[in-house]
Amino acid sequence: MSTAASRPSENRRNMMSTAIIGFGRIGQALARAFARKNIDVTVASRRPPEALATQAQAIGPTVTARSLQEALAADTILLAVPFGEHREVAKALSNWNGKTIIDAMNAQVAPEELDGLPSSAFVAKSFTGARLVKGFNHLIAATLATDPTVEGGHRVVFLSSDDEDAIAPVAALARQLGFAPVNLGKLDEGGRLVHARGRVWGPLIFQDVFKKDQ
C-alpha cells in the first residue's frame, strides 16, 4: 500500500515528462509554476546548461537545466523562445511524432510573414508530426510567475488546437499547475482571441481572468 509520503514521488514518475525550451522571462515564469507544485521539469535554451543551472536551482529543486537535445526527449515541450527562433528548435529533431508542443510564443512579425495563418498554425508547419496546442501566451511573465490560486479561484489559461485530442492532456497539466484551463477550440476560430501577429492582438491577450471554485 502506498503511503501519503510516497505519493508526490509516485505522481512525478507517472506524469508525462515536460521540458521548457527558452529560459527568458516567460520560460522562467513557467518554471516557477512547476516548482511551486513540486513537479519535475527540464529547461533548456541556446545557451549551454551550465549557464542556466544557477537560475534553475534558485527557482526550485524540481527544475533541471539540460542541453537542448536532452530536453527534447520530453513528451511535452513548452515553447517559450522568441518567435523567430522556433524554426531552429524544430531542426533539432528529425521526427516530432508523438510529441506535444505547447506554443507559449507571441509573433512579433507582420501578418503577411505568416502566410495568412494564425501564428500557431504557422509554427505547426515546422514541427511536422507533433500535436500543437496554443497556451500560456496571453499573460505577461510577471503575472504568469505568480501563484494562480487567488481570489477564491484559479487564474485562467486559454488553450486552442486543431487537434482535439491534444487539448485534454495539456488542460490536465494546466490544472496540475494550479490554473483553470479554458478550451477556445480551433486555432482559426476561438484561438484567434489569444493570437498576436505583428501589431494585431487578440482581445484576450493580457486579460487576467479567474475562474471561481464551485
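1. Basis. The model is predicted: local features need pLDDT of at least 70, side-chain atom pairs count only at pLDDT 80 or more, and totals for chains, interfaces and linings use all residues. Residues are numbered from 1 along each chain as its sequence is written, and side-chain values use heavy atoms, with hydrogens and water left out.

2. The sheet. Six strands make an open sheet. Their order is β3-β2-β1-β4-β5-β6, and the pairing is parallel. Strands are DSSP runs of E, at least two residues long, numbered from the N terminus. Two strands pair if DSSP finds at least two bridges between them. Neighbouring strands are turned by 25° against each other on average, direction ignored.

3. Pairing of β1 and β2. Strand β1 covers residues 18-21 and strand β2 residues 41-44. They pair in the parallel sense over three bridges. Ile20 has Val43 in β2 as its bridge partner.

4. Around β5. This strand covers residues 100-103. β5 pairs with β4 in the parallel sense over four bridges. With β6, β5 again pairs in the parallel sense, over four bridges. Ile77 has Ile101 in β5 as its bridge partner, and Ile102 has Val133 in β6. Which residues cover the two faces of β5? Thr100 and Ile102 lie on one side, Ile101 and Asp103 on the other, and all are buried. Buried means under 20% relative accessible area, exposed over 50%, partly exposed in between (1.4 Å probe, protein chains only).

5. Helix α2. Helices are DSSP runs of H or I, at least four residues long. Helix α2 (residues 25-36) lies across β1, β2, β3 and β4 (76-79), at about 155° to β1. Contact here means heavy atoms within 4.5 Å. Axes are lines fitted to C-alpha atoms, for helices over the stretch in contact, and angles run from 0 to 180 degrees between N-to-C directions. α2 has 12 residues and reaches 16 Å from its first C-alpha to its last, close to the 16 Å expected at 1.5 Å a residue. That expected span is 1.5 Å times one less than the number of residues. The buried residues of α2 are Gly27, Ala29, Leu30, Ala31, Ala33, Phe34 and Ala35. Asn38 follows α2, with a positive phi near 60°.

6. Helix α8. Residues 164-176 form this helix. Helix α8 lies across β1, β5 and β6, running at about 55° to β6.

7. Salt bridges. The rule asks for a side-chain nitrogen of Lys or Arg within 4 Å of a carboxyl oxygen of Asp or Glu. The count comes to six. One of them joins Lys91 and Glu88, with the closest N and O atoms 3.2 Å apart. Both Lys91 and Glu88 are exposed.

8. Asp115 and Lys125. Their side chains meet in a salt bridge (2.8 Å, N to O). The pair links distant parts of the chain, 10 residues apart. Asp115 sits in the loop between β5 and α6 (119-124), Lys125 in the loop between α6 and β6. Asp115 counts as exposed because its relative accessibility is 52%. Lys125, at 46%, counts as partly exposed.

9. Asp188 and Arg192. A salt bridge joins these side chains (2.4 Å, N to O). Asp188 counts as partly exposed at 46% relative accessibility. Arg192, at 32%, also counts as partly exposed.
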